[in-house]
Amino acid sequence: MAHCDDCEQMMQPYLDGMLSDEEVAEARAHLKACPWCERRFKFEEKLRHFVAVAVAATEPMSDALRIRLSELRSSQT
Amino acid sequence: MSDISPDATDARRIAEVERDRVRFEEEALELSDQVYRVARRMVNSREEAEDLVQDTYARAFRAWQQYQSGTNLRAWLLRILTNLNIDRGRKAQRSPDSQPLEEGDYFLYNKLEETLPDENPDEERVIERLSQNVVVEALAEVPHDFRDAVVLVDIGEFSYADAAQILDIPVGTVMSRLHRGRRILKASLAEKAVA
Ligand SMILES: [Zn+2]
């Protein structure tokens, strides 16, 4: 049975799908028995999404750049 | 004997190349928002990001025939962008001495949880302690090499293999930089959100 420390070590590779079947089983068994770690895993998943959304919503490409890029085309019609 | 003259064959070939070029340019431009989003997080200012994206498209439109149709065009564009960024001497910007202390993967959660009055709060309430601005600021503080891996995989949604190709490093290095970069990001988020 894994300890919380081992579970913490497995979190990133677990969420990335990089663990062996055996390790996945070990992590799942621990998470089932340990809501403390389970909350931290759920948080990590949501955090990744939150970071991606936060960054995407900040400073979109300017219209000026969009125009400059289309002017680079060889075939402006 | 064919009744198509050599001139007509040439003309047709030229027209085909021209059509391919137009299609390439259209497809590349459709990806510009996504390319800019990644570029903006790889450099430190909006101005730098705009210059870099513009130079990337200028080079891509010149070298379009080197792109293999059917492969990942977004990755191809970002590979050009990464090379241009390195050419601009971005290595000089690195500050390996000022890397923040690396904390464990539960560190951020533990820190945020401490700021809430209730015991064992729902993870949803914990994440609400973070704001959009804090995320953007914290990401900017992650050293380049680690940040690039996080930006490509977690924000650009590239596979490890594509990220490895874009950055011209082995897949194993992408994974270790990503792992470390996420930890540095979380340590930085903890510092900002709790301050
Ligand atoms: Zn546990």
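This is a predicted model: local features need pLDDT of at least 70, side-chain atom pairs count only at pLDDT 80 or more; totals for chains, interfaces and linings use all residues.
A residue counts as exposed when its relative accessible area is over 50%. Pro170(B), at 55%, is therefore exposed. A zinc ion is held by donors from chain A, and 24 salt bridges are found over all chains.

**Zinc site in chain A**
- The angles subtended by the four donor atoms run from 103 to 114°, so the arrangement is tetrahedral.
- For comparison, the ideal angle for four tetrahedral donors is 109.5 degrees.
- If you like to search by pattern, the spacing of the donor residues in sequence is C-x25-H-x3-C-x2-C.
- Cys4(A) sits in helix H1 (residues 4-15) of chain A and Cys37(A) in helix H3 (residues 35-57) of chain A, so this pair ties together parts that are 33 residues apart in sequence.
- Cys4(A) is partly exposed, at a relative accessible area of 28%, whereas Cys37(A) is buried, at 0%.

**Interface of chain B and chain A**
- Chain B brings 51 residues to the contact and chain A brings 41 residues.
- Tyr106(B), Glu123(B) and Ile127(B) together account for 18% of what chain B buries against chain A, more than any other three residues.
- Across this interface there are 11 salt bridges, along with 19 residue pairs in polar contact.
- Several helices of chain B give two or more residues to the side that touches chain A, among them H1 (6-30), H2 (32-42), H3 (46-62) and H10.
- H10(B) gives the most to that side, with eight residues.

**Salt bridges between the chains**
- Arg40(A) and Glu113(B) meet through their side chains in a salt bridge, 3.1 Å from N to O.
- Because Arg40(A) lies in helix H3 of chain A and Glu113(B) in helix H5 of chain B, this pair joins two chains.
- Both partners are buried: Arg40(A) has a relative accessible area of 1%, and Glu113(B) has 14%.
- Another salt bridge links Glu59(A) with Arg40(B), whose closest N and O atoms are 2.8 Å apart.

**Salt bridges within chain B**
- Asp20(B) and Arg23(B) form a salt bridge at 3.8 Å, N to O.
- These two residues both lie in helix H1 of chain B, three residues apart, about one turn of the helix.
- Asp20(B) is partly exposed at 35%, and Arg23(B) is partly exposed at 43%.
- Lys192(B) and Glu141(B) also meet in a salt bridge, 2.8 Å from N to O.
- Lys192(B) belongs to helix H10 of chain B and Glu141(B) to the loop between H7 and H8, so the pair ties together parts that are 51 residues apart in sequence.
- Lys192(B) is partly exposed, with 23% relative accessibility, as is Glu141(B), with 46%.
- Salt bridges with shared partners join Glu59(A), Arg68(A), Arg40(B), Arg46(B) and Glu50(B) into one network.

**Back to Pro170(B)**
- Pro170(B) is found in the loop between helix H9 (160-167) and helix H10 (171-194) of chain B.
- Its C-alpha atom is separated by 24 Å from that of Glu141(B), 29 residues away along the chain.

Definitions and conventions: Residues are numbered from 1 along each chain as its sequence is written. Chains are lettered from A and ligands numbered from 1 in the order in which they are written. Side-chain values use heavy atoms; hydrogens and water are left out. Helices (H or I, at least four residues) and strands (E, at least two) are DSSP runs, numbered from the N terminus. Buried means under 20% relative accessible area, exposed over 50%, partly exposed in between (1.4 Å probe, protein chains only). Donors are N, O and S atoms within 2.8 Å of the metal (3.2 Å for Na, K and Ca); water is not among the atoms, so sites may look incomplete. Four donors count as tetrahedral if all angles lie between 85 and 135 degrees; four count as square planar and six as octahedral if opposite donors are over 155 degrees apart and all others between 65 and 115; anything else is irregular. Contact means heavy atoms within 4.5 Å. Buried area is the accessible area (1.4 Å probe) that two parts lose on being put together, summed over both. A salt bridge is a side-chain nitrogen of Lys or Arg within 4 Å of a carboxyl oxygen of Asp or Glu. A polar contact is a pair of N or O atoms within 3.5 Å; within protein, one must be able to donate a hydrogen and the other to accept it, and residues adjacent in sequence count only if both atoms are side-chain atoms.
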